[in-house]
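Biologist: Could we go through the helix packing and the ligand site of this model together, one question at a time?

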Amino acid sequence: MDHPAFKTMGQQAGRRSWAEPWKIKMVEPIHVTSREEREQAVVEAGFNTFLLRSEDVYIDLLTDSGTSAMSDRQWAGIMLGDEAYAGSRNFYHLEEAVQAVYGYKHVVPTHQGRGAEHLISQALIKPGQFVPGNMYFTTTRLHQELAGGTFVDVIIDEAHAPANLHPFKGDVDLDKLETLFKEKGAENVSYVSLAGTVNMAGGQPVSMANVKALRALCDRYGVHVYLDATRMYENCFFIQQREEGYAEKSVAQILEEFCSYTDGAWMSAKKDNLVNIGGWLAVNDYDLFDQLRNMVVIYEGLHTYGGMAGRDMEALAIGIAEGVQDDQVRARVGQVLYLGDLLLDWDIPIVQPVGGHGIFLDAKGFYPHIPQDQFPAQTLAAELYLDSGVRGMERGIVSAGRDPQTGDHRYPALELTRLAIPRRVYTQAHMDVVAESIRAVYEAREQTRGLRMVYEPKYLRFFQARFERA
Ligand code: F0G
């Protein structure tokens, strides 16, 4: 697979390397533990990487959420926090930044993405309705279910095949969606829940052509489209690199066009927006905004802070503008592709094309001898930690949870271990260490045994479940 993004950076034709558009001003020491220490730590953590102490981790690829390094300008913004309970000037900066970059009219701040998901799900979903989307995300779907909705996956089939090289594996299958409208009645569909990029599919993008066609279809049926904009900067970078007619457009221009086909968005600002905490909701419809602005005071905080401190909102306003710059997104995705290319060169099974925010190891490809109900991806995350102290996360059967109707495990086609790369945090040398550890774990794959679950919490079990060796 050749990565168009890399080609433009000159990695393939001769060696003209790209580098990050920043230098490092402050460092945070990390340390390597011994194999014995990690063996003890992983048992204490019940083989769940969420339950490890971060001090026991060497390179932390658990998530790219809230783990970004902020810039000197963002840290300066922290000192400009206006901590007034109401009407903080930082809120107005945030509001202006969202309006300017994403183009929506009305903005409601929330403490993080799931706070926004809670509000929009409660506002828009009537019990018994369907919520179609391009693959589920854990917290998104749970909030939709808690509001009485049933999520329906309408992503294209290619998204479920790890080695399929479709350039826009996040696309909605419009036939599947139209069939749902016809079979269930469009009045029984709350809205289309669109995400770019698609986290659970491996950080895969949605094309502009697809969102445009989606808008037209939804207009015919009178259904709204709301966007999970969490990693839209990365999505727009892929459009720039892969979709005809966008090579000369900036990520910011592409984003504006993409958002114009949707009615609003919710955001986990802890990703693209380069902050450690924060989120927002933005919609064009005034009446919906009025409802959301009223609800936010119940669950998050006043509508001019929504659970964030003034200083957080200032850092966020600056991060919104910084993160959307082409050179920032290119360096961010470029680092992910660098790691992906190393693994592909060694024939290690990963989701392809490599996505925007991390590498997704195909655990079924690593461990064909471990049945899915012995948690191959959970096992792989534990093995990687044991080998080198690199921490990833399960994105397979544990994350998929149980079917609320039958109580059985859901068996997703994708059984993945995700290594999400924090933005502006690790160097190319860290990526080399990660790749070499993955290779060592892959080489030992035939001796590896699965796990059994010994503790299972009711909601979002992957965060707190505990395991033992099977
Ligand atoms: N939507 C997407 C696509 C996400 O990836 C996340 C979080 C959320 C919504 C929820 O946002 O965490 O701010 O409440 N994803 C994190 C991850 C947890 O590691 O992928 P949140």
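Biologist: At what angle do helix 15 and helix 17 pack?

Modeller: In this predicted model, helix 15 covers residues 376-388 and helix 17 covers residues 428-443. Their crossing is right-handed, with the axes 9 Å apart. The angle at which helix 15 and helix 17 pack is about 115 degrees.

Biologist: Which residues of helix 17 meet helix 15?

Modeller: From helix 15, the contact draws on L380, E383, L384, D387 and S388. The residues of this contact divide into 5 nonpolar, 2 polar and 2 charged. On the side of helix 17, the residues that meet helix 15 are S437, I438, A440 and V441.

Biologist: How do the residues of the contact of helix 13 with helix 17 divide into nonpolar, polar and charged?

Modeller: Helix 13, residues 326-345, has an axis that comes within 10 Å of that of helix 17, and the two cross at roughly 30 degrees in a right-handed crossing. Q335, Y338, L339, L342 and L343 in helix 13 meet Q428, M431, D432, V434, A435 and I438 in helix 17. The residues of this contact divide into 8 nonpolar, 2 polar and 1 charged.

Biologist: What percentage of the ligand's accessible area does the protein cover?

Modeller: The ligand is surrounded by 17 residues, with T63, D228, S268, K271 and R418 the closest. A polar side-chain atom of D228 lies 2.6 Å from a ligand nitrogen atom, while a side-chain N or O atom of S268 is 2.6 Å from a ligand oxygen atom. Of the 470 Å² of accessible area that the ligand has on its own, the protein covers 95%.

Key
Residues numbered from 1 in each chain as written. Predicted model: local features only at pLDDT ≥ 70, side-chain atom pairs only at ≥ 80, totals over all residues. Heavy atoms only, no water. Axes fitted to C-alpha atoms, helices over the stretch in contact; angles between N-to-C directions. Helix = DSSP H or I, 4+ residues; strand = E, 2+ residues; numbered from the N terminus. Left-handed = near helix turned anticlockwise from the far one by under 90°. Contact = heavy atoms within 4.5 Å. Nonpolar A, V, L, I, M, F, W, Y, C, P; charged D, E, K, R; others polar. Near = heavy atom within 4 Å. Polar contact = N/O pair within 3.5 Å; in protein donor to acceptor, adjacent residues only side chain to side chain. Areas by Shrake-Rupley, 256 points an atom, 1.4 Å probe, with all protein chains shown as cover.
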